[in-house]
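Here is a short tour for anyone who likes to check geometry by eye.

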Amino acid sequence: MTVASGYDCLLLDLDGTIWEGGRPIPGAIKGVQSTGLPLFYITNNASKAPSVVAEQLTNIGLPTAPDHVLTSAQAAIELASRKIPSGAKLLILGTDSFRELAREAGFVVVDSADDNPVAVLQGHNPSTGWAELSEASMAIHKGATYFASNLDTTLPQERGLAVGNGSMVAAVVSATGIVPEAAGKPKPMMFEVAASLLSASRPLAIGDRLDTDIAGGVAAGMDAFQVLTGVSGFYDVVNAPASQRATFLAESMLDLAEDSATLRPGAQGGFSAVCTDGIVELDGGVGSSTAIQALRTVVGAVWGLSDKGNQVREVRGISEHARRVLEVWW
């Protein structure tokens with residue numbers, strides 16, 4: 001049975017999973033299309049309106065309606081709406097689309113701490129600078145409630161990992177001592193809303209990042225499918241806490257068509273692994289063995305141990321084939 005055949009929809013991350021800076025990741029489009037399942041996109045990137053994201057997805061070959069996209073900006077507005085009365089003043093650090101979402105929700109958007117906003121909402125905007133961060137700091141010092149769309153410290157781009165909203169939030173936290181309540185992943189809300197909108201009973205959460213995509217899916221009680229095309233790498237997966245462990249470990253989205261048992265953690269590819277005092281010894285393998293098979297083997301040995309005191313410090317290749325595939329892990 002293939003992975004996709006066990007589910008009734010896919011809840012997909014974007015940056016690092018479907019694309020990098022808008023450029024499709026190899027295998028992503030074909031892998032998604034091969035499933036024939038309903039698709040819903042959940043992104044922590046708050047810089048673009050759902051309609052813009054849907055148009056970009058359509059342009060790369062994934063026809064998408066705006067109501068099948070949920071951004072962390074939308075989640076932040078929903079979170080604020082639950083705690084702040086309609087008509088209240090909000091200071092928003094974000095793009096024009098974020099501000100428009102706030103206005104549509106009945107809030108009054110202001111630009112200065114002097115306007116005495118009730119809350120500050122911060123989302124990713126490449127144009128955010130010292131002046132905007134300072135207004136947020138002053139408003140929070142005056143008593144404004146602080147919300148963030150998400151806390152991702154990095155943002156996958158074509159050239160590498162750019163500064164994410166979480167890193168910009170850190171500047172305000174440093175200046176105020178106030179940590180915001182974040183609305184996006186890893187909170188389960190976005191996953192639960194998406195599944196509800198699709199009337200799905202068996203959704204599969206898909207993403208590249210352990211502390212947002214996978215953790216959010218796990219928190220929502222869903223199976224999770226991790227691809228190694230974005231932020232989190234091999235060693236990150238090995239040391240993932242229980243709250244960030246995916247059901248399936250994949251090289252790319254093409255693995256959605258693979259047998260589900262193959263993608264689960266456990267010995268495969270002729271490998272065997274033993275973990276002792278934070279050192280994993282990987283042995284065996286054959287000429288066709290791969291790095292992802294080694295990862296599933298190592299994870300199968302490590303994740304079965306208690307989380308306490310079992311941080312893996314090193315994975316040692318004992319056999320020739322083990323040493324060969326471990327070179328790919330770096």
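Are helix 5 and helix 6 parallel, antiparallel, perpendicular or oblique to each other? Helix 5 (residues 130-141) and helix 6 (residues 165-176) pack at about 40°, and their axes lie 9 Å apart. The two helices are therefore oblique to each other, given that angles under 35 degrees count as roughly parallel, over 145 as roughly antiparallel, 65 to 115 as roughly perpendicular and the rest as oblique. Axes here are lines fitted to C-alpha atoms, for helices over the stretch in contact, with angles from 0 to 180 degrees between N-to-C directions.

Before going further, please note that this is a predicted model, in which local features need pLDDT of at least 70, side-chain atom pairs count only at pLDDT 80 or more, and totals for chains, interfaces and linings use all residues. Residues are numbered from 1 along each chain as its sequence is written, and side-chain values use heavy atoms, with hydrogens and water left out.

**The helix pair up close**

On the helix 5 side, Leu-133, Ala-136, Ser-137, Ile-140 and His-141 meet Met-168, Ala-171, Val-172, Ala-175 and Thr-176 of helix 6; contact means heavy atoms within 4.5 Å. The residues of this contact divide into seven nonpolar, three polar and no charged. For that count, Ala, Val, Leu, Ile, Met, Phe, Trp, Tyr, Cys and Pro are nonpolar, Asp, Glu, Lys and Arg are charged, and the others, Gly among them, are polar.

**The whole chain**

The protein chain comes to twelve helices and 18 strands, taken as DSSP runs numbered from the N terminus (helices H or I, at least four residues; strands E, at least two). Its C-alpha atoms fill a box of roughly 65 × 40 × 35 Å along the principal axes. A compact globule of 330 residues would have a radius of gyration near 20 Å, and the 21 Å of the protein chain agrees with this; the radius is taken over C-alpha atoms, and the globule rule is 2.2 Å times the number of residues to the power 0.38. Buried residues make up 54% of the 330, where buried means under 20% relative accessible area, exposed over 50% and partly exposed in between (1.4 Å probe, protein chains only). Among contacts between residues at least 6 apart in sequence, 70% join residues at least 24 apart.

**Buried places**

Phe-40 sits in strand 4 (residues 39-43) and is buried, with a relative accessible area of 1%. Its C-alpha atom is separated by 6.7 Å from that of Ala-194, 154 residues apart along the chain. Leaving aside neighbours within four places in sequence, the contacts of Phe-40 include Leu-10, His-68, Val-69 and Leu-197.

Helix 8 (residues 210-219) is mostly covered, with seven of its ten residues buried. Those buried residues pack against helix 7, strand 13, strand 14 (223-227) and helix 9 (234-238). Gly-221, with a positive phi near 75°, follows helix 8.

**Backbone details in loops**

Lys-185 and Pro-186 are joined by a cis peptide bond, with omega of about 20°. Pro-186 lies in the loop between strand 12 (181-182) and helix 7 (189-197).
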